[in-house]
Every structure is written in structure tokens, then in C-alpha cells.
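Please walk through this structure with the text below as a guide.

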Amino acid sequence: MSVQNHDPREGQPMDGKPGGAHGKVGFVSLGCPKNTVDSERILTQLRAEGYDIVPSYNDADVVIVNTCGFIDSAVQESLDTIGEALAENGKVLVTGCLGAKEDDIREVHPNVLSVTGPHAYEQVVNQVHEVAPPKHDPFISLVPDTGVKLTPKHYAYLKISEGCNHSCSFCIIPSFRGKLASRPVGQVLSEAERLVKNGTKELLVISQDTSAYGVDLKYRTDFWNGKPVKTRMKELCQELGQLDAWVRMHYVYPYPHVDDIIPLMAENRILPYLDIPFQHASPSVLKAMKRPAHSEKVLERIHKWREICPDITLRSTFIVGFPGETEADFQMLLDFMEEAQLDRVGAFQYSNVDGAASKELPDQIDEAVKQARFDRFMAVQQRISAAKLQAKVGKQVEVIIDEVVDEGAVGRTKADAPDIDGQVFLDGQTHLKPGDILTAEVEEADEYDLWAHPVA
């Protein structure tokens, strides 16, 4: 495998224009979009200082691996990638969430040059300086004012805060990323405006808890283009809605004030799309997870949201096989799925994570039972998803193009986020370009994807 500073959806290395014949850095970015933004910040600083970002281990003076440490499979992928980088290059700097567990990394890979935790931008850049010292004026090399991006030009992640104030029993992310730390709204909006002016067609708003944005700052008033704006979710959405771009909200914790942004979706100010991790429906399981335990109120709110904005797309994630989950608890989850009729759903089989409180809970579920429940859960959701997509056949949808291949164009509707949701295939439309937005009529559907043709 080559060192990839890449868009993970395309699987292609991103070319870095030479900024100076001095330091060469290889970069591997793993994990979630929040990690992607951290990688972009590090790369932006390195490019501004004249470092070349190269696509292979052999060409690099040093390799940076930005790790994920959320679940066991992510930890293993991170450790495997570190091992590959060491074998191919030998000079490896490790950062990211798994970096918070330096001893675990060094036990497997004692030869890494350094280990840092998440959002340790300055430390990583300083470590690069030590391995491959800069030898020129950092102002000679120019980078776009949007910085270096790992996503295609037409969409970008907009991170509005770091950390989280929750203490969900299955999650160790707050131990990596700390408590909630919101960015001032003027800074966020200025970044969004620069991105749109430079060709971004879709802004994906991310954080660990988007609904809590500004709580730590007591919703402090900031300024953007000379106008006062509160550092709060609703005001952020209102202002982002004035930009000429799709605005998609991710990781929205179901606080009551989320209801306030649904009218903005109905008015087409922001996309009618909410990514809300409900995690379960059983009150006893939610209590063990240290999550809100009012699924009946969630159903009431979902019905109300659909009354206000009939086109709203609801995405969520769930955990099956959590410690103590009974067959009755699981059936309650299936009943919730039937009632809620969510559009997009991801599911995980519970796995113990070192440092998570849930690891110490009694009544751990047998792996075979977890798998059986997962299969039953996905069968229900696939049936729901297939019916919802089948209902779109014959209807017109707006599509943003992500890539063009030999067979035609591949895009997404307003109901689909990159990487995690479905796609729209437009056979034969090879004249289109990434970032194009067009109207298409749906011809066919399966459980996840659509096939369509453009309409005049």
C-alpha cells in the first residue's frame, strides 16, 4: 500500500504541488470526519511551510499516521497501518485518538518516533520539523485560503467544536478529545464562506455533539461580516443557510431545541437531513448506556418533524447486543424501527472497549446472540429502506455528482451523505463533472441506491 493523502471515497492519492525541494511528508488519515479535519489542519500547516505531501512510502522523509481508537476493529486497523508504515518507511509519527494510549501503541510498535493524541496540531508539526527540518522561508509556498483538503473540492467537512460533555458508558471519546470546546461562530462562518467561494457545493457540519454547540461559551455573541451572531446551533444554521451551498447536519444529539431547526429545513435554508444517534429504544438499555430513555417522546417528535418538513431524511445509528439487553429489549428496538420508519440506519454489534464503563457491566451478551440480533435488525431496516427508496421511483430528485467513471456518473441526493448513505447512478452520463448539481428522475431502486436519468 502506498502512503495515501487521499479522499477515502475515491481511493486515489491526492497530488501535492511542490512547495519547495525540502521536506517530504507521507500521510495516512484513518477514522471519522473529525479526524479528517484534524488531518487537513496538519497538512495545511505543513504545505504552508513548503513541505511536499507525497503519495508513497518510499518518497517520504517521514510518515504521519492519524489513528482512530473508537472500537476494536478501528484500533486494529490503526495498529496494522502503523506497522505497514514502519515496514515500508521506518520513520513514523503517530497521532489521533489511539495516540491517547501511547503505551498500547509502543507495546506493539516500539520504534515509532513519537505518539500524540487528537488535535495535537502544533506538536505534530514540530515533530516533523525535528525529523525533516524546514530550510526555507515559510511564506514562499502558497496554499489555498481553504487550506489542504482530503475531500473532493465540491464538499467539505465543517467542524464546529471539539470534545463532548456526555459520559455514555460505551464511549471513550471524551477521554481522547476532552470536554466540549466550541469554535466561535464568526470563525466557523468565515471558514464556511471561504469554502463556498472556492467552489464547495456542500458543507457537512460535524462535531462530537452538534446540538451542544456554544453551551461551553454560554452562547456568546460573536461577529460575522459586521453582524452580531450568537454561538448557538439555530443561529449557526440560519447563517449557513444564506450561503450558496447544501448544508448537512451530522451528530445531532436529540435536545429539545433541535425542533427549532426543522422549520429551516422546510424553508430550504439547510438540507432536510438529520443525523441523530439514538443508539437504542429500550429504556433499561438506554439507562445502562447513560443515554436519554424516552423513545415514546422521540417517536412523537419524529412525527412532528415530518408534519413540519415532510421531506426530512432521518439517519441514525444503533447498538445491538449491549450488556443486559434482553430479548424483550431487542424486540422493543425492532418495534421502534417499525414505528419510526427511519430513512438511513447504521448498526453495530456491541464490543468491549478498554476504558469504557460498559466493559464492567454484568450480563455480557454471547457473540452468537449479538450476530443473530444484528442480522434480524438489518433485515428489518433493509425492508424499510427498500420500501422508502422504491417510493421514489418515477419522482424527480436533485443530485450532486461525486465522480464520473466509464459507465457514467455517480452522485447523491439531498437525502444522502458521502460515505455513509446511498448513491445515485446515472448510466452513460460521462459528460458530467464532480460538483455538478442537476435534476434527475428515478428509474430503479434497491435497498440502498437509486438509478436515474437527468431531466431537462
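Two strands count as paired if DSSP finds at least two bridges between them; strands (E, at least two residues) and helices (H or I, at least four) are DSSP runs, numbered from the N terminus. This is a predicted model, in which local features need pLDDT of at least 70 and side-chain atom pairs count only at pLDDT 80 or more, while totals for chains, interfaces and linings use all residues. Residues are numbered from 1 along each chain as its sequence is written, and side-chain values use heavy atoms, with hydrogens and water left out.

Strand 21 (residues 437-445) pairs in the antiparallel sense with strand 18 (residues 396-405) over 5 bridges. Glu398 has Thr439 of strand 21 as its bridge partner. Strand 21 also pairs with strand 22 (residues 450-454), antiparallel and over 5 bridges, and a hairpin of 4 residues joins strand 21 to strand 22. Here Glu441 is bridged to His453 in strand 22.

Gln341 sits in the loop between helix 11 (327-340) and strand 17 (344-349). Its relative accessible area is 28%, so Gln341 is partly exposed (buried is under 20%, exposed over 50%, partly exposed in between, with a 1.4 Å probe and protein chains only). Beyond its neighbours within four places in sequence, Gln341 is in contact (heavy atoms within 4.5 Å) with Arg306, Ile384 and Lys388.

The structure holds 0 disulfides, a disulfide being a pair of cysteine sulfur atoms within 2.5 Å. For Cys32, the closest cysteine sulfur is that of Cys68, at 6.2 Å, too far for a bond. The sulfur of Cys168 is likewise too far for a bond, because the closest cysteine sulfur, in Cys171, is 6.1 Å away. Cys32 is partly exposed at 26%, whereas Cys168 is buried at 10% relative accessibility.
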